[in-house]
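Here is a short report on one protein model. It covers a surface patch, salt bridges, selected helices and overall totals.

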Amino acid sequence: MTDRQPPADHQASATRRTGATRQARAIRLGRRSVIALALITVIGVAAFGWPLLAGSASGLAHSQDAPWLFATLLPLLLAVVMATIADTGLDAKAVAMLGVLAAAGAALRPLGAGTAGIEPMFFLMVLSGRVLGPGFGFVLGALSMFASALLTGGVGPWMPFQMLAMGWVTMGAGLLPGADRMRGRRELAMLAGYGAVASVAYGTVMNLQGWPYIGALASGVSFVPGDPLPENLSRFLAYCLATSLGWDLPRALVTVVASLTLGPAVLKALRRATRRAAFEAPVKFEDA
């Protein structure tokens with residue numbers, strides 16, 4: 001009579017046979033968390049894109065208070081979303097890792113101050129979101145930007161927009177395919193490509209945030225309230241080319257180089273820390 005193999009050993013053997021390693025998540029998103037993230041995403045799209053989305057006949061298109069309204073609303077919504085995620089799955093171990101990574105991200109961002117596009121923070125956010133999942137990634141991206149703003153004195157109406165945009169970047173990395181199976185050069189290439197696109201996209205959406213404030217620009221690149229979408233869109237593209245592309249492309253290049261060179265070591269360290277933290281292990285209390 002042979003002993004039956006324990007379920008845990010059987011699962012480990014199956015894992016070795018298939019070559020798949022189930023990646024633990026620091027935060028398992030529940031229904032409330034998913035709804036909160038979807039809500040903040042929809043409102044965030046409106047907050048960034050209202051100059052292009054508002055109809056010419058609407059009051060919003062001609063309102064000078066719209067940017068300030070969204071700048072006031074977003075911090076409250078971000079606080080609600082982060083509290084909802086924390087309430088549904090952020091334990092002490094995840095809080096500790098969140099604090100370490102947010103501090104590292106906040107410390108990395110000022111390294112490129114004064115140098116166009118040198119922002120090593122992005123590659124760390126992308127790799128962290130990949131390993132720790134979309135829920136943890138969103139909270140990490142937003143919190144890192146908040147800590148960075150406090151560290152560098154960059155607090156202003158743009159800060160909640162930066163928090164939301166970086167939250168999207170890090171959450172998107174957690175949603176990339178193949179988290180359990182893809183490793184090695186293919187994964188690094190995917191993360192480097194995503195980091196490049198996300199770096200440029202971040203700069204583009206942040207341009208949308210600041211563009212309506214600047215009314216003294218040349219007519220060829222300034223926002224004209226109530227103008228049809230094609231006209232304002234062409235002005236916005238010209239504005240991006242004239243003001244931020246010189247920052248966005250170097251940021252994308254730095255993210256790609258850092259991901260390809262430092263990525264293997266950072267991914268290995270993050271996955272080792274995640275395994276040792278055992279986020280998904282059940283907690284049992286026993287009598288002494």
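Phe146 is partly exposed, with a relative accessible area of 33%. Partly exposed lies between the two other classes: buried means under 20% relative accessible area and exposed means over 50% (1.4 Å probe, protein chains only). Phe146 belongs to helix H6, residues 134–152. Helices here are DSSP runs of H or I with at least four residues, strands are runs of E with at least two, and numbering starts at the N terminus.

Together with Leu150 and Val155, Phe146 makes a nonpolar surface patch of about 260 Å². Patch members have over 30% relative accessible area and no salt bridge; like charges are joined within 9 Å, and nonpolar side chains (Val, Leu, Ile, Met, Phe, Trp, Tyr) within 5 Å. Areas come from the Shrake-Rupley method with a 1.4 Å probe, and for residues only the protein chains shown count as cover.

The model is predicted: local features need pLDDT of at least 70, side-chain atom pairs count only at pLDDT 80 or more, and totals for chains, interfaces and linings use all residues. Residues are numbered from 1 along each chain as its sequence is written, and side-chain values use heavy atoms, with hydrogens and water left out.

**Salt bridges**

Side chains of opposite charge can pair when their charged atoms come close. The criterion is a side-chain nitrogen of Lys or Arg within 4 Å of a carboxyl oxygen of Asp or Glu. A search of the whole structure finds 4 salt bridges. The table lists some of them.

| Glu119 | Arg251 | 3.1 Å |

Take Glu119 and Arg251, which form a salt bridge. Glu119 sits in the loop between helix H4 (92–108) and helix H5 (121–132), and Arg251 sits in helix H10 (residues 245–277), so the pair ties together parts that are 132 residues apart in sequence. Glu119 and Arg251 are both buried.

How buried is Glu187? Its relative accessible area is 2%. For Arg271, also buried, the value is 12%. Elsewhere, salt bridges that share partners join Glu119, Asp248 and Arg251 into one network.

The expected span is 1.5 Å times one less than the number of residues.

Which residues of H9 are buried? They are Asn232, Arg235, Phe236, Tyr239 and Cys240. These cover an arc of only 140 degrees around the axis, which puts them on the same side of H9. The arc is that of the directions from the helix axis to the C-beta atoms. On the other side of H9, Pro230, Leu241 and Ala242 are exposed.

Helix H7 (residues 159–174) is mostly covered: 16 of its 16 residues are buried. From first to last C-alpha, H7 reaches 23 Å, close to the 22 Å expected at 1.5 Å a residue.

**Two further residues**

Gln209 lies in helix H8. It is buried, with a relative accessible area of 10%. Neighbours within four places in sequence aside, Gln209 is in contact (heavy atoms within 4.5 Å) with Phe48, Pro157, Trp158 and Phe161.

Leu262 is found in helix H10. It is partly exposed, at 43% relative accessible area. Its C-alpha atom is separated by 10.0 Å from that of Leu188, 74 residues apart along the chain.

**Overall totals**

The protein has 10 helices and 0 strands. Along the sequence, the pattern is α-α-α-α-α-α-α-α-α-α. Of its 288 residues, 45% count as buried. The protein exposes about 14,700 Å², and carbon and sulfur atoms supply 66% of it. Among contacts between residues at least 6 apart in sequence, 80% join residues at least 24 apart.
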